[in-house]
Amino acid sequence: MINDKLPKIWYGGDYNPEQWGEEEWDEDVRMFKLAGIDVATLNVFSWATNQPNEDTYDFVWLDEHIDRLYKNGIYTCLATSTAAHPAWMAKKYPDVLRVDFQGRKRAFGGRHNSCPNSPTYRKYSERIADKLGERYKDHPAVLIWHVSNEYGGYCYCDHCATGFREWLKEKYETIDVLNKTWSTKFWGHTFYEWDEIVPPNALSEEWGANNTSFQGISLDYRRFQSDSLLECYKLEHNALKKHTPDLPITTNLMGTYPELDYFKWAKEMDVVSWDNYPAYDTPHSLTAMRHDLMRGLKSGLPFMLMEQTPSQQNWQPYNSLKRPGVMRLWSYQAVARGADTVLFFQLRRSVGACEKYHGAVIEHVGHEHTRVFKESAHVGQELAQLSDKLLDARVHAKVAIVFDWDNRWAIELSSGPSVAPDYVNEVHKYYDALYQQNIAADMISVDEDLSQYDIVIAPVLYMVKPGYAKKIEEFTTNGGTFVTTFFSGIVNENDLVTTGGYPGELRDMLGIWVEEIDALAPEHKNQIVVKDKLGKLEGSYECNLLFDIIHSEGADVIAEYGSDFYKGTPVVTSNKVGSGKAVYVGTSPEASFLQDLLSNLSEEKGIQALLDVPHGVEVTERWKDGKAYTFVMNHNSEEITFELDSTREELLTNKTLSGSVALEGYGVMILE
């Protein structure tokens, strides 16, 4: 439970009363109560209001709003306001301003605009967090601290250059070790003094998006910037903990956001929270994967849905409305996959600036007689009746998919063999193959204990960190099934190639040697030809992107290439390891191949879909006190039917169901 002061699934979202007047405040409270809203996130971007100059702090306005809401049964998720520094700070202390990738010093403007290594920013952000902690440490309305907002963005200023050198000194200790690790003999890049090292940007090693002359330098700079922003979070976190050791602290993450290592961040967060903004064409399985990744950041603990829109967004190319029922459906998708809150951005629409067309529970018309408000109120009523059953329930999965930000950065920075492979896309292909069959999967880090799983999938495991090959081998020896793919086992944690033949440290366990890697344009297809029918695997499937030229060194050959000069050579192999096995897929297959392969592997382990449902219907389960709660979510606009093999209680309607069951378009059922 996030905070037992409010033992239910929290419902509410971001609220900016400072943008409005007293007449609207009274209406807001009235309408919040109508909608069942019980949590408001305050103070996210209010630093300029809280601190109008260097020496003045004014929280009276915040006191009034927290008190007004609390008197009406609405609690506060209290932010620290540090996501955008005040104009006076940028004017008086220009070191707070970032330098961009092109080497240009920013002026005041935008948000997330502070250098994470600026002494000024660190000083004042820590100070205001300390003052907020002191002021509100005993306020009964405050449920949780919300530090800053959507951390992200890199800086390349002199403070960052100095900080990067200090970070490198701590990591490598000597310049000789650094030179060896970065392979600086290449292109005569040997460093003799630490101050010769500069940030890798458009003025030095990098150009465009993820193009670099030296992967080691660029990889370490990404680690450094992620750590720098994390240090800013920790400064505020520690200032708050000093005053409120028992209040949880979070900051809102962004799913598969590329710039920060969220597994490392999650270790410093009491509860994970994130902002879910799928586009009109985002696959439902990708949203599900991001929910599962957020749950996986803290090894399966429930997370917070901190933001979603009630209706439409404003910042995507095409900001379509959520069709009637879709907001409810997507809210329950989050709850089904581990969310213990459903919160929105925003509760009342702004009238000015770039987010005035971003949806809200209270639209510009200002009353409750809108489709969006009525749908929001309906969800609020439902969550109130469900909370005692679902709160703190857990998802159980016997399949895990490995996700690693270091590995992702290294792949993105790689100069060859192809620009086409995308790490998130390749991971999602395997996730989607399970999702389409309603087989639960956890998204895990390389640090996660593997003994709880029957199948572990590590797509494109390009970087093998120290000890991980041994960890996988122990998992397979003890009976587990391990699956990995092309472009795996190539480099170590410093992006140096593991010599002796691909796939490096994984070679013996996989029982193969990859001699060469062919890279062709995405439209060029080859074929995966299954040698002998194996469960659902039979016939021929298409594949593209990369094509490993494989020699078996003891592994069974499951399938061979169908064309090109490597026709008839292995493309999919399986190697027995102790009581388990290791499967290698040497190319990027079409979806049907992965569905058939993973269906076979799941059946071998006795892993089955929770229900047999039509395409487009998502099924997942949360468990609490020995009871299973099965969520059935229809992403189709049309009604569907499915069969229940036992009598179940449906929580949203309080009906008893059995046999053939109908579910309306965009409908949701929760079966106990």
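Predicted model: local features only at pLDDT ≥ 70, side-chain atom pairs only at ≥ 80, totals over all residues.

Trainee: Okay, in which order do the nine strands of the open sheet come?

Mentor: The order is β7-β4-β3-β2-β1-β11-β10-β9-β8, and the pairing is parallel. Helices (H or I, at least four residues) and strands (E, at least two) are DSSP runs numbered from the N terminus, and two strands pair if DSSP finds at least two bridges between them.

Trainee: And which strands stand at the edges?

Mentor: Those are β7 (249-250) and β8 (252-253), and because each has a single partner strand, one side of each is left without a neighbour in the sheet. For β8 the partner is β9 (residues 273-275), joined in the parallel sense over two bridges, and there N252 has S273 as its bridge partner.

Trainee: New topic: which residues form the negative surface patch?

Mentor: The patch is formed by E22, E23, D26, E64 and D67. Asp and Glu count as negative and Lys and Arg as positive, while His and the chain ends are not counted; patch residues have over 30% relative accessible area and no salt bridge, with like charges joined within 9 Å and nonpolar side chains (Val, Leu, Ile, Met, Phe, Trp, Tyr) within 5 Å. A salt bridge here is a side-chain nitrogen of Lys or Arg within 4 Å of a carboxyl oxygen of Asp or Glu.

Trainee: Which element gives the largest share?

Mentor: Helix α1 does, with three residues. Helix α3 contains E64, which is partly exposed at a relative accessible area of 42%, where buried means under 20%, exposed over 50% and partly exposed in between (1.4 Å probe, protein chains only).

Trainee: How many residues of α11 are buried, then?

Mentor: In helix α11 (residues 326-336), 11 of its 11 residues are buried, W330 and Y332 among them. After α11 comes G338, with a positive phi near 125 degrees.

Trainee: What about β24, how many of its residues are buried?

Mentor: Seven of the eight residues of β24 (residues 627-634) are buried. Strand β24 runs antiparallel to β23 (residues 617-624), with eight bridges between them, and T620 stands opposite F631. The two strands form a hairpin with two residues between them, and D625 in the turn has a positive phi of about 50 degrees. Strand β24 is also joined by four bridges to β27 (residues 668-671), again antiparallel, with T630 opposite L671.

Trainee: Last one: is D495 buried or exposed?

Mentor: At 12% relative accessibility, D495 counts as buried, and this residue has a positive phi of about 65 degrees although it is not a glycine. A353 also has a positive phi, near 70 degrees, but A353 is exposed, with a relative accessible area of 59%.

How values were computed. Residues numbered from 1 in each chain as written. Heavy atoms only, no water. Areas by Shrake-Rupley, 256 points an atom, 1.4 Å probe, with all protein chains shown as cover. Charge placed at Lys NZ, Arg CZ, Asp CG, Glu CD.
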